[in-house]
Amino acid sequence: MGIFHNHRPSGSRICAYSVATKVFGEELVNQACDRILEAYLELGYGKDRAKVRMLGCICDLLLKNRSPYIEDLTIEIFKSLRNDDNLPVYIRRDLLPTSCALTSLGIITEPLTSRVKEGERFGNHDATENVPQIWLEYCRRWYDTSTLSPRTRQTDYYQLLKIGRWLFKKHPDIISPEKWTRDLAIEFIADVVKMKVGEWADATKMYEKNLGKPLSPRSKNALIGTARRFFIDCQEWGWIKRHFSPERAFATPRSIKGLISPNPRVISDDIWAKLLWAGLNFTEEDLPHSQYQDLSNRVPWYPLEMVKAIVIVWLFAGLRSDEIYRLRVGCVRWQKNDVIIPGTNQLVSKDAVCYLDIPVHKTGTAYTKPVDRLVGEAIEEWEKFRPNQPPIIDHKDGSIAHYLFFYRGRKVGKAYINHSVIPMLCKKANAPETDARGNITSHRARSTIASQLANAKDPMTLLELKEWLGHRDVGSTINYTKVSPTKLAKSYQDAEYFKRNLRTIEVLIDQDAVKNGASSNGEAWKFYDLGHGYCSYDFFDQCKHRMACAKCSFYIPKDSSKAQILESKTNLQRMLQEIPLTEEERAAVEEGIEAMSMLSAKLTDEPTPSGQTPRELGNV
């Protein structure tokens with residue numbers, strides 16, 4: 001007996017089941033339902049939900065296809081049924097999980113998409129309002145032709161519609177890209193520079209919070225960049241004639257570029273520590289539960305093992321959200337033995353880390369990175385619990401993929417970390433979901449981890465961090481790291497900038513010459529100790545020969561009688577005077593005789609305080 005033999009459908013669902021059994025016979029209908037529902041349960045769905053919800057959907061599919069055999073079902077039957085405006089909501093809602101079950105049985109190649117109706121482009125039809133029809137046709141043609149990623153194409157498509165609304169408002173007579181001129185492009189750039197949030201936007205409420213505020217430099221740059229790319233493509237593809245250079249006409253002004261700088265938006269250490277604690281202590285009580293369960297029998301939509309694996313990967317692996325969602329089953333590899341790094345005595349313990357295989361990503365090919373063993377343990381725990389799921393095509397590289405975070409026949413949603421995981425962690429950690437740098441999002445964890453690795457006691461080098469993050473070039477890595485103020489202060493202190501430019505020289509002061517007024521009559525009273533003699537030139541710190549003395553008339557040798565008298569005077573005061581030194585002088589002090597010879601040769605024809613050059617004094 002099948003799953004439904006002890007359960008009679010109730011309510012409106014009885015109509016489809018009754019009609020199907022009368023048309024095809026009860027035995028054939030029950031066989032079809034049992035096969036689909038067994039696959040449905042294997043994907044991770046609950047049995048109670050299957051009995052209550054799925055029967056009407058299955059029977060409607062069989063009736064729509066005019067066959068009781070599920071092998072005759074196709075994805076087109078699902079799409080046509082979903083596009084039926086008279087279809088009850090409860091059946092439309094169950095089409096997607098039913099298609100997942102048929103995909104796992106191998107009857108159809110892939111499940112339905114999440115769109116409500118076939119033929120809807122992006123879901124926001126108000127965006128085309130006040131856009132010239134011909135301009136709109138070019139935008140759609142560009143979207144269908146461009147080889148950019150779907151997400152980038154969609155973003156640029158809406159940006160192009162915004163430009164169309166600008167045309168409608170400022171130049172309603174210009175409705176085609178063919179009529180654009182360099183002067184019109186300049187006018188457009190000038191308006192973008194002064195643009196505010198909500199201008200030329202569609203009728204949506206997403207801008208209400210910041211409506212009227214100046215548009216950010218990055219948003220201005222993105223809008224200008226979209227226009228530049230669009231016109232370059234239209235000209236290169238031969239759609240329009242080349243009337244001007246888009247590269248120059250739509251170049252981002254320096255006034256905007258100058259305001260764009262790396263901004264990793266690192267999460268503060270105290271908040272990040274709380275999130276780490278919450279992730280390591282995550283329990284089933286912290287999970288949200290399905291809205292379809294009654295209060296007495298509520299179960300989580302995703303199992304704890306899966307959610308905890310996502311949490312640990314997000315907190316420790318430093319991955320983009322798309323990379324997390326596209327991890328494959330078996331992505332963890334363990335180091336079996338301790339390894340000595342070639343050319344060194346440094347040891348990498350087999351218990352220290354594991355290796356995580358990252359799939360093809362935004363900027364490069366697949367690669368492997370070391371991560372904390374906590375990541376590997378959490379993933380392996382989920383793999384033990386994970387039900388068998390059907391493989392699907394990875395649209396990034398076209399391969400057949402067994403996704404790690406795949407449950408009930410579907411991959412985890414793109415916004416799951418932002419809309420579910422982070423709020424759960426913040427709630428458990430009693431931490432805010434927004435800080436001084438904005439909302440805590442999935443990508444901010446990547447910047448935080450990268451910055452902490454760069455600021456550690458034994459930090460990773462920039463090249464090492466580039467490889468760990470999977471970047472194609474170092475410039476991208478710089479955008480993800482931020483040196484902490486304390487580390488910057490310590491580095492500045494260790495650089496000894498002030499001490500590097502100042503050196504100590506011993507000075508003798510003849511107090512008798514000062515007290516009896518002889519110094520005011522021009523008699524020497526201050527003597528700089530050069531080691532081999534003294535210099536009585538008052539402006540010694542400004543003399544170019546002070547570290548390579550040419551022995552002019554201000555020079556007093558230490559073996560002279562005058563120098564001996566100076567040394568023997570009891571009322572001489574020794575003091576230290578700090579003199580700024582040039583790079584050559586520092587080299588003379590620090591690198592010895594060779595540098596001194598070079599400095600002396602450089603000053604051969606430089607006049608001394610007495611007016612003679614070292615060549616004239618015979619000291620060359």
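Is Phe250 buried or exposed, and at what relative accessibility? At 0% relative accessibility, Phe250 counts as buried (buried is under 20% relative accessible area, exposed over 50%, partly exposed in between, with a 1.4 Å probe and protein chains only). A quick word on the ground rules: this is a predicted model, where local features need pLDDT of at least 70, side-chain atom pairs count only at pLDDT 80 or more, and totals for chains, interfaces and linings use all residues. Residues are numbered from 1 along each chain as its sequence is written, and side-chain values use heavy atoms, leaving out hydrogens and water.

Now for the rings. The whole structure holds 24 aromatic pairs (rings of Phe, Tyr and Trp, the last by its six-membered ring, with centres within 6.5 Å; planes under 30 degrees apart are stacked, over 60 edge-to-face, the rest tilted). Take Phe231 and Phe250: their ring centres are 5.3 Å apart and their planes at 20 degrees, so this pair is stacked. Phe231 is in helix α9 (residues 217-236) and Phe250 in the loop between α10 (246-249) and α11 (254-257), so the pair ties together parts 19 residues apart in sequence (helices are DSSP runs of H or I, at least four residues, and strands are runs of E, at least two, numbered from the N terminus). Phe231 is buried too, at 1% relative accessibility. Both belong to a cluster linked by ring pairs, with Trp135, Trp166 and Trp180 among the other members.

Elsewhere, three strands make an open antiparallel sheet in the order β1-β4-β5 (pairing takes at least two DSSP bridges). β1 (332-334) and β5 (367-372) are at the edges with a single partner strand each, so one side of each has no neighbour in the sheet.
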